[in-house]
Amino acid sequence: MSAQDVPRVRLAVLGVVLVALFSALFARLYYLQVLVSPDFVVQAEQNQIRDVRLDPVRGRILDRNGVVLADNVLVGQVALDRDVMRSLDDDDQLLEMVERLGPVIGMTAQEILDEYYDLNNNQLLPVVLVEGVDEPLLTFLKERQNEFPGVIARQVQRRVYPLGPVASHVVGYVGEIPQNELERLADRGYEPGDAFGKAGVEQIFESDLRGENGLERFEVDRRSRVVARDVVEETTPGSDIILTLDTRLQRVAEQALETGLLNARRDAGEFNATRPAPAGSVVVLDVTDGSVVAMASYPYFDPNEFVGGISNDLWERLIRPSSYAPLTNRAIQGLYAPGSTFKPFTAIAGLESGVIDLGTPIYDPGFYNLDPCEGEKCQWTNAGEIEYGWVDLNRSLVVSSDVYYYSMGADIQRDLPDGEDEIIQEVSRRFGFGSETNIQLPFERAGQVPDEDLKQELFEAEVFEFGTWFVGDTINLAIGQGELLVTPLQLANAYATLATRGDRQQPNIVAEVVERTEGEIVRELSERNLGEFDMATPAPDATWETLASGLIGAVRSVEGTADEAFIGFPFDSFAVAGKTGTAQRFGRNPVTEARLEDTALFVGYAPAFDPQYVVVAVLEEAGFGGEAAAPVAREVLDAIVELELTGDILTEEERAAIEAEEAAAEDAS
């Protein structure tokens, strides 16, 4: 190639390269502007328009009289406006501002910056720094916006429980929604960190309380600065839940229970220097419709401590054994041998089977010998081996003769043919024992009614040495012992059926679900009648009458087991029928490791001749039912009498003021 041809070749190569480059450029432009242009338009619009969910106001929880138990309140909050923060593009200017802000709100500059740059936070919404700020501090920050550019001082709504621990086991609490619920309720618009009912009514009625999300649409520029915003969809507030509880009686029940446990701890126990009496429950039931008027469980907790998350230290304190499970609602989760409070149901089984009749007495020498006897235990005794002499059904309830029921249980097991010898179990199940009551609360336990099948299961689980059901098992069952376990609510509902002479109701804790803005009833949880108890005795009316007479005598007769606790009670205007129970427990206390003391129980209904209320008191490791549980029920019944007669329950201060006025008037006269 000559020297003259070289420039021409170079120009040709350059021309080819230029043609190739321009071809590639035009191809790319054609691809971007023609082939995928619609996709980029959509992406551009998405970059400009962003949607943010608006949280609804959670519904309230109120008692039957309108007293608010769960509400939402305005709390002070300090946050950072992201748009303003982005405008402080000078790092020194941003750092200078947060260094001024830190001491004011109790944070370091680094903590503020860490929160601001945390990618887990929504990048469109303000960055929340602190909550619970008082009004003076909010005012201070609002007045100095030039010193604290981008700092938002405002009030936001948060869950609050105005009465603290009162009815906490019924109301429940809210916490951050767990992952499994987040997945299950993905279509309901929940997001990580949302408040969610974790216990009680807050949990069961979560869908009603929550409300419906709203939607706010933001228009942002390429630097994510908000240029316009609009509420596309308003939120729908959650509905209010109206409980059947009467807060006045609830307070009395809780205080009486706590006082009763404290009093029991001052007494010497059978196996301890003093009785532990760590926990218990009180239930007040309206027998006319099954509504729960009070439901107390001790120890209790304060649901306010769960709002916004609970600390590890507090959680550890709540779950350690020495705290005796304050999160447990013992009214529906506590399982107890009912002891002598079970005797009326054994009596009905004896009457239905024909093993006893209403008037036939037996002689009670203070002990019962099983003859013939093939087991290790052949003798059972009354408490304290007290001899009661001749006892019929009525008196057996008044004095609580164990021997009367030992004899009945043995006769049922030995004299009835196979298939009929589980009559006690059959009757108790008809009264609701061994099944959940289906009250509108979570985690209810069914208890258990022992029979041959259960004993075989326990034998296979190596709980029992033998899997055979013996006469001694029925003897223990007859006095409410052995493997029989009931909840206080089950016991209350069974006695409600006794009180109404067979009218069976399903307990209710919620009366209505009410729409928040207009106050219209969304749903009414009306009376759930389960029909009449089918009394299969020769004389049903006489049976109900005899049982009522015996239960009245247990409270009012001089030889009744609850007589001392009810001295001075206004029986003439408000008669009470009831039964004490003292249930033996076996095993060791998880905290003290000492042998377990007896459970104290009392169940009563009033007015005895026109029943409206059932009161159950169960005190763990507190001793005798007549000494520990009956006084607790007496306090509650005193309050019920006051409520019925005056329409209100006076506080101690109000009562003292009235007494002082009366005394002053007497002195003046």
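# Briefing on a predicted model

S340 sits in the loop that links α13 (330–333) to α14 (343–353); helices (H or I, at least four residues) and strands (E, at least two) are DSSP runs, numbered from the N terminus. This is a predicted model, in which local features need pLDDT of at least 70 and side-chain atom pairs count only at pLDDT 80 or more, while totals for chains, interfaces and linings use all residues. Residues are numbered from 1 along each chain as its sequence is written, and side-chain values use heavy atoms, with hydrogens and water left out.

**Surroundings of S340**

- S340 is buried, with a relative accessible area of 10%; buried means under 20% relative accessible area, exposed over 50%, and partly exposed in between (1.4 Å probe, protein chains only).
- A polar contact of 3.2 Å joins the side chain of S340 to the side chain of S400. The term stands for a pair of N or O atoms within 3.5 Å; within protein, one must be able to donate a hydrogen and the other to accept it, and residues adjacent in sequence count only if both atoms are side-chain atoms.
- Leaving aside residues up to four places away in sequence, S340 touches S400, D402, I479, K579, T580, G581 and T582, where contact means heavy atoms within 4.5 Å.

**The sheet**

- An open sheet is formed by 5 strands in the order β12-β11-β23-β22-β21, with antiparallel pairing; two strands pair if DSSP finds at least two bridges between them.
- The edge strands are β12 (292–298) and β21 (577–583), each with a single partner strand, so one side of each has no neighbour in the sheet.
- From one strand to the next, the twist averages 5°.
- Strands of a sheet pair through backbone hydrogen bonds, either parallel or antiparallel.
- Helix α21 (residues 540–556) lies across β21 and β22 (599–606), and runs at about 70° to β21. Axes are lines fitted to C-alpha atoms, for helices over the stretch in contact, and angles run from 0 to 180 degrees between N-to-C directions.

**Strand β11 and its partners**

- Strand β11 (residues 280–286) is antiparallel to β12 and joined to it by 6 bridges.
- Within this pairing, L285 has V292 of β12 as its bridge partner, and V282 has A296.
- The hairpin of β11 and β12 has 5 residues between the strands, and G290 there takes a positive phi near 80°.
- Another 7 bridges join β11 to the antiparallel strand β23 (residues 613–619), where V616 stands opposite V283.
- In β11, 7 of its 7 residues are buried: G280, V282, V284 and D286 on one side, and S281, V283 and L285 on the other.

**Helices**

- Helix α16 (residues 402–415) packs against helix α19 (residues 471–478) at an angle of about 140°, with their axes 8 Å apart.
- That angle makes α16 oblique to α19; under 35 degrees counts as roughly parallel, over 145 as roughly antiparallel, 65 to 115 as roughly perpendicular and the rest as oblique.
- Y405, Y406, G409, A410, Q413 and R414 in α16 meet V471, T474, I475 and A478 in α19.
- T139, in helix α6 (residues 135–142), is partly exposed, with a relative accessible area of 30%.
- The C-alpha atoms of T139 and R154 are separated by 9.2 Å, and the two residues are 15 residues apart along the chain.
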